[in-house]
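Reader: I'm new to looking at protein models, and I'd like a close look at one part of this one. Could you walk me through the sheet and whatever packs around it?

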Amino acid sequence: MTDGDPLLPSAPDAEPPRRPALSPSRAGDFKLCPLLYRFRAIDKLPERPGRAQVRGTLVHTVLERLFDLPAPQRSPTAAAALVEPVWRELTETLPELVGELFTGSDDPELAEWLASIAPLLDTYFRLEDPRSVEPVARELLLETELESGVVLRGYVDRLDEAPAGLRVIDYKTGTAPRQISELKALFQLKFYALALLQERGVVPDELRLYYLTDGETLTYRPDEPELRRFSRILDALWTAIREAGRTGDFRPNRSRMCDFCDHRALCPAWGGTPPPYPGWPVASDADEPVILAS
């Protein structure tokens, strides 16, 4: 799925107990706006999922379940047939979702929105033939600890063992990034590569992002010295997060992304007042802030 928290629930025993950790999404939040990080990771303020986020969850789940089928059956028709049952499962799990996104089940925009998933699936099949791939893992939770003690946690959509080595595939339902956004995408890929290096002791051969809106691919081939340098960047970022958590000084950073923030009304940069700082949450195994995985 996406780097965000999945909307569809996992099996009860699918995840180990949470430890304080750094994820690509929460790292990105802190770099973008420390106050946004606080709202999401410490205050845990609710956010209403938008149509784009839910569509991303649908597409990721369909592609994940496509690989449950025998290789010869992984066709565009089979993928399209998975959309309705996945959507039904999602709305059964979150019955309020339809009312939040649409005026009701008979809203004509709902049918149009569901139809918008088909082009994304078609693009996937232009980028890759799933009949020729046998993943070793899907929706893989990576959790590892750096020598400094920083715990890294994140999900990758798919892990393949190609002849040349490990390959990570991640699906994106948006458009391919440009400039600053590409740096953000590379940050995520380096994060995954470092986590795999720490967890498995090998540098992954390749990491790919498939952009299903415009059919582009971003490929990253890491090397170990680069990943070791990147680990020091994460150490520094975690140090800054811990210091902000100790003092409660999570400062807002105004940007064009404020237009899309669910918490703008609480932001002092826009005349709002944040809720009282609750302090660093105490984890079960460490007196550190609990950083939600994404």
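Author: Let's settle one term before we start: when I say that residues meet or are in contact, I mean that they have heavy atoms within 4.5 Å of each other. Also keep in mind that this is a predicted model.

Now for the sheet. It is an open one, built from 5 strands in the order E1-E2-E3-E4-E5, and its pairing is mixed. At the edges sit strand E1 (137–145) and E5, each of which pairs on one side only. If you ignore direction, neighbouring strands are turned by 35° against each other on average.

Zoom in on E4, residues 206–211. With strand E3 (residues 165–172), E4 pairs in the parallel sense, over 6 bridges. With strand E5 (residues 216–220), E4 pairs in the antiparallel sense, over 5 bridges.

On the H4 side you'll find Pro76, Ala79, Ala80 and Val83, which meet Ile117, Leu121 and Phe125 of H7. Sort that contact by class and you get 7 nonpolar residues, with no polar and no charged ones.

Helix H3 (residues 51–66) and helix H6 (residues 108–115) pack at about 45°, with axes 11 Å apart, so H3 is oblique to H6. This crossing is right-handed. H3 brings Arg51, Val54, Arg55 and Leu58 to the contact, while H6 brings Glu109, Trp113 and Leu114. By class, that makes 4 nonpolar, no polar and 3 charged residues.

Last stop: charges. Side chains of opposite charge can pair when their charged atoms come close. The structure holds 22 salt bridges, and one of them joins Lys190 and Glu226 at 3.4 Å, N to O. Lys190 lies in helix H8 (residues 180–200) and Glu226 in helix H9 (residues 224–247), so this pair ties together parts that are 36 residues apart in sequence.

Definitions and conventions. Residues are numbered from 1 along each chain as its sequence is written. This is a predicted model: local features need pLDDT of at least 70, side-chain atom pairs count only at pLDDT 80 or more; totals for chains, interfaces and linings use all residues. Side-chain values use heavy atoms; hydrogens and water are left out. Helices (H or I, at least four residues) and strands (E, at least two) are DSSP runs, numbered from the N terminus. Ala, Val, Leu, Ile, Met, Phe, Trp, Tyr, Cys and Pro count as nonpolar, Asp, Glu, Lys and Arg as charged, and the others, Gly among them, as polar. Axes are lines fitted to C-alpha atoms, for helices over the stretch in contact, and angles run from 0 to 180 degrees between N-to-C directions. Angles under 35 degrees count as roughly parallel, over 145 as roughly antiparallel, 65 to 115 as roughly perpendicular and the rest as oblique. A crossing is left-handed if the near helix is turned anticlockwise from the far one by less than a right angle, and right-handed if clockwise. Two strands pair if DSSP finds at least two bridges between them. A salt bridge is a side-chain nitrogen of Lys or Arg within 4 Å of a carboxyl oxygen of Asp or Glu.
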